[in-house]
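Work through the following exercises with the sequence and the coordinates open. Each task is followed by a solution in steps.

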Amino acid sequence: MRQKAGPDLTPGDAKPGGLKPDDPKPGGLKPDEVKLGVARPGARLLALAKRVPGGSTVADIGTDHGILPAYLERAGLARRVIGSDSSAGSLASAARTRIRSGCSFELRLGYGLEPLEPGEASVLVLAGLGGQTIAEILSAGRPVVAMAHLAVVQPMKDLPQFRRWAECSRLTTVTEDIVIEGRRIYNVLTLAELCRFAPAAWDALETGIEHEVTRLLLDNEPVALLRYLQTRYRLRSGISSSRAAARPEEARADQIVALQIEQQIQSIEGRH
Ligand SMILES: C[S@@+](CC[C@H](N)C(=O)[O-])C[C@H]1O[C@@H](n2cnc3c(N)ncnc32)[C@H](O)[C@@H]1O
């Protein structure tokens, strides 16, 4: 059930010398120019922020440190921001970020979309969670999803299965950004036409090439695209090897997909 944030999560008591909630919003600033008073968002969080249409009411589900809500508020990129988390410890961390950054975004405790009323948020952000967890949260909160405009998601694992699940659930993926942050690589998907959402069952089986390499991925710049494809090639080849003895047919299917990914790599390398 929906639980309101406890008293320790009340906004408005910014530290002396910190940014005050009613300071002018620096909309239109470059990311480096946004004064936060806390750790700066890295490329992954900035990629999420970039997909939020200006003036939205954003709910950041599983907000943890609360840096995304703080950035969206300080940069003037959202009309209203709600951060929620199922962990009281994470929410306390987000509350500290709110104080240090002088922000006033709301914080709510609860599982998935339970802390939200349908229609309250136009953009749902679910980042840093497993693909299956994101699918489960969206499925359990269908009324909230159906009344939102966009979902910006960044699955940490099971990316191809997540793409297939989204398609089977009648969600339209409109953008997919490949983000490189240090040695790590992330994918940020923007899902639209949420009113059509018809949650499908999660299928953990590996997918075919169509959910490994989508047309939207090809819009990314070649360096990022190649890094993504090489990562997926290694992963699919590794899955194939690990299954070779016990599940030879599945291993062969994985090997075929790995070869198809390799062909994509060669074709992109040939063009650049
Ligand atoms: C790895 S952190 C990601 C934090 C942030 N979203 C990011 O991308 O940097 C995952 C957070 O999601 C929260 N979480 C996990 N499952 C959740 C659920 N079902 N509902 C709400 N929050 C959840 C955890 O408590 C944790 O704070």
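**Exercise 1.** Which residues in helix 7 meet which residues in helix 8? Then classify the packing of the two helices.

*Solution.* The model is a predicted one.

Step 1. On the side of helix 7, the residues are Pro222, Leu225, Leu226, Leu229, Gln230, Arg232, Tyr233, Arg236, Ser237, Ile239, Ser240 and Arg243. They meet Glu250, Ala251, Asp254, Gln255, Val257, Ala258, Ile261, Glu262, Gln264, Ile265 and Ile268 in helix 8.

Step 2. Sorted by class, the residues of this contact are 12 nonpolar, five polar and six charged.

Step 3. Helix 7 covers residues 222-243 and helix 8 covers residues 248-271. Their axes lie 8 Å apart, and the packing angle is about 160°. Angles over 145 degrees count as roughly antiparallel, so helix 7 is roughly antiparallel to helix 8.

Step 4. The crossing of helix 7 past helix 8 is left-handed.

**Exercise 2.** Determine how helix 4 and helix 6 are oriented to each other, and describe their contact.

*Solution.* Step 1. Helix 6 spans residues 159-168, and its axis comes within 8 Å of the axis of helix 4. The two axes cross at roughly 25°.

Step 1. The cut-off for roughly parallel is an angle under 35 degrees; therefore helix 4 and helix 6 are roughly parallel to each other.

Step 2. Helix 4 contributes Gly131, Ile134 and Ala135 to the contact, while helix 6 contributes Leu159, Gln161, Phe162 and Trp165.

**Exercise 3.** Describe the shell around the ligand: which residues come nearest, and which elements give two or more residues?

*Solution.* Step 1. There are 15 residues around the ligand, of which Gly62, Asp64, Ser90, Ala127 and Gly128 come nearest.

Step 1. Two or more residues come from strand 5 (123-129) and from helix 4 (131-140). Strand 5 gives the most, with three residues.

Step 2. The shell divides into five nonpolar, eight polar and two charged residues.

**Exercise 4.** How many helices and strands are in the chain, what share of the residues is buried, and what share of the contacts with a separation of 6 or more joins residues 24 or more positions apart?

*Solution.* Step 1. The chain has eight helices and eight strands.

Step 1. Of its 272 residues, 39% are buried.

Step 2. Among contacts with a separation of 6 or more, 72% are between residues 24 or more positions apart.

Terms used
Residues numbered from 1 in each chain as written. Predicted model: local features only at pLDDT ≥ 70, side-chain atom pairs only at ≥ 80, totals over all residues. Near = placed C-beta within 6 Å. Helix = DSSP H or I, 4+ residues; strand = E, 2+ residues; numbered from the N terminus. Nonpolar A, V, L, I, M, F, W, Y, C, P; charged D, E, K, R; others polar. Buried ≥ 20, exposed ≤ 12 C-beta atoms within 10 Å, placed from the backbone. Contact = placed C-beta atoms within 7 Å. Axes fitted to C-alpha atoms, helices over the stretch in contact; angles between N-to-C directions. Parallel < 35°, antiparallel > 145°, perpendicular 65-115°, else oblique. Left-handed = near helix turned anticlockwise from the far one by under 90°.
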